[in-house]
Amino acid sequence: MNQPSTEIRSAAPDEVSHAVAGIGAAFIADPPARFAWPSPHDYLSTMPLATREFAGSSFTHGTAYVSADLRGAALWLPPGVEPNSEPLEKMFRDTAKREHLDDLLATFEKMEQSHPREAHWYLPQIGVDPNAQGEGIGAALMDYALARCDQEQSLAYLEASKPQNIPFYERYGFEVMARIQVGAAPRATPMLRRPHR
């Protein structure tokens with residue numbers, strides 16, 4: 001098996017589907033995603049669409065960062081760019097498990113409200129192929145993007161979708177802002193990082 005590559009760069013236009021597929025593989029056990037689509041069929045058929053609506057603007061802005069071997073991706077939205085909220089909500093209404101829809105939409109609404117008022121970089125999704133996890137790709141993806149945040153002296157913001165991921169983000173200077181828990185939906189944890197000098 002080839003060693004995973006920790007060389008990071010912006011995704012090329014013909015690599016969008018590869019990056020989206022990598023996110024899908026990485027999020028296969030993600031609590032909010034599986035709350036929305038508990039069935040494997042529903043998850044596998046819908047997650048690529050969700051990724052494109054949630055973070056697809058990162059590709060058009062050149063801020064979808066990938067490892068050279070495309071086994072890891074971090075989809076960052078630059079200051080002033082937001083997820084496609086209306087199409088994303090419609091997609092959830094059309095595809096998510098009915099009994100979970102209200103809690104899911106309320107969670108996303110609270111996530112939107114948690115964003116900093118100041119200009120900031122937003123990380124909707126970062127993931128590494130499960131077969132390449134623990135090889136430094138996630139760390140390289142974070143280092144690459146946060147170096148830009150520091151250079152620009154910009155805030156960085158994300159929501160941790162798994163409690164066990166919080167220490168990883170804390171190592172990079174992110175701090176827990178709040179905890180979002182709505183009904184039966186999994187907890188989301190907004191986190192903010194101030195730029196380093």
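**Close-up views of the sheet around S5**

**View 1. Pairing of S4 with S5 in the predicted model.** His120 stands opposite Leu155 in S5, and the chain crosses from S4 through H7 to S5 in a right-handed β-α-β crossover, a term used if, with the strands pointing away from the viewer, the path from the first strand over the helix to the second runs clockwise. S4 and S5 pair in the parallel sense over four bridges, where pairing requires that DSSP finds at least two bridges between two strands. Helices (H or I, at least four residues) and strands (E, at least two) are DSSP runs numbered from the N terminus.

The model is predicted, so that local features need pLDDT of at least 70 and side-chain atom pairs count only at pLDDT 80 or more, whereas totals for chains, interfaces and linings use all residues. Residues are numbered from 1 along each chain as its sequence is written, and side-chain values use heavy atoms, with hydrogens and water left out.

**View 2. The two sides of S5.** Leu155, Tyr157 and Glu159 point one way from S5, while Ala156, Leu158 and Ala160 point the other way. Six of the six residues of S5 are buried, that is, under 20% relative accessible area with a 1.4 Å probe and protein chains only. In a regular strand, side chains alternate between the two faces of the sheet.

**View 3. Pairing of S5 with S7.** Strand S5 (residues 155–160) runs antiparallel to strand S7 (residues 189–193), and five bridges join them. Within this pair, Leu158 stands opposite Met191 in S7.

**View 4. The open sheet.** Seven strands follow the order S1-S2-S3-S4-S5-S7-S6 with mixed pairing, and the edge strands, S1 (8–10) and S6 (175–176), each pair on one side only.

Conventions
Buried < 20%, exposed > 50% of the residue type's maximum accessible area, 1.4 Å probe, protein only.
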